[in-house]
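Please look over the model below before reading my points. I start with the strands, then turn to one residue and the helices.

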Amino acid sequence: MADNARAKRLADLIREVVAQKLQRGIKDPRLGSQVTITDTRVTGDLREATVFYTVYGDDEDRAAAAAGLESAKGVLRSAVGAAAGVKFTPTLSFVADALPDTAKTIEDLLDKARASDAKVREVSAGASFAGDADPYKKPGEEDETPETDGDAPA
């Protein structure tokens with residue numbers, strides 16, 4: 001079992017090697033400059049690596065990039081093995097990163113909240129307080145209405 005620092009170093013190396021190989025070494029038109037490697041994770045025994053990627057484009061481009069990465073898996077694994085110098089080169093699996101979709105969902109929710117806040121601000125612009133402007137008693141102020149006890153004679 002390898003330590004976490006070694007797995008992290010290997011993951012960083014795999015991310016860099018795969019990104020460089022995709023940019024310069026693979027001539028597949030499905031991959032091109034549309035694919036971005038976002039993260040890499042390696043198991044504790046250094047046998048399997050998961051490479052997360054994003055694709056700039058629509059669903060058709062994503063499907064084409066996934067097929068291109070699957071077909072280039074052997075070449076990429078060979079490049080990782082040559083660069084890493086480890087006894088066993090980890091197998092690579094490619095997973096589309098959900099980060100851009102999650103970020104878009106969060107941005108949409110924030111836009112909705114901003115619109116709701118603007119609407120509340122617009123409605124409350126000409127409104128006045130329901131009671132006094134400052135409903136809290138301050139020290140030293142006397143209550144203007146005398147208190148009467150129900151049992152005491154008046």
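This is a predicted model: local features need pLDDT of at least 70, side-chain atom pairs count only at pLDDT 80 or more; totals for chains, interfaces and linings use all residues.

How many bridges join E1 to strand E2?

1. There are 7, and E1 and E2 (residues 48-55) run antiparallel. Two strands count as paired if DSSP finds at least two bridges between them. Helices (H or I, at least four residues) and strands (E, at least two) are DSSP runs, numbered from the N terminus.

2. Residues are numbered from 1 along each chain as its sequence is written, and side-chain values use heavy atoms, with hydrogens and water left out.

3. The sheet is open. It has 3 strands in the order E1-E2-E3, with mixed pairing. E1 and strand E3 (91-96) are the edge strands, each pairing on one side only. From one strand to the next, the twist averages 30 degrees.

4. Thr 40 sits in strand E1 (residues 35-42). Thr 40 counts as buried because its relative accessibility is 5%. Buried means under 20% relative accessible area (1.4 Å probe, protein chains only). Not counting residues up to four places away in sequence, Thr 40 touches Ala 11, Ile 14, Arg 15, Thr 50 and Val 51. Contact here means heavy atoms within 4.5 Å.

5. Helix H1 (residues 4-25) lies across E1, E2 and E3, at about 155 degrees to E1. Helix H2 (residues 59-71) also lies across E1, E2 and E3, at about 150 degrees to E2. Axes are lines fitted to C-alpha atoms, for helices over the stretch in contact; angles run from 0 to 180 degrees between N-to-C directions.

Conventions. Buried means under 20% relative accessible area, exposed over 50%, partly exposed in between (1.4 Å probe, protein chains only).
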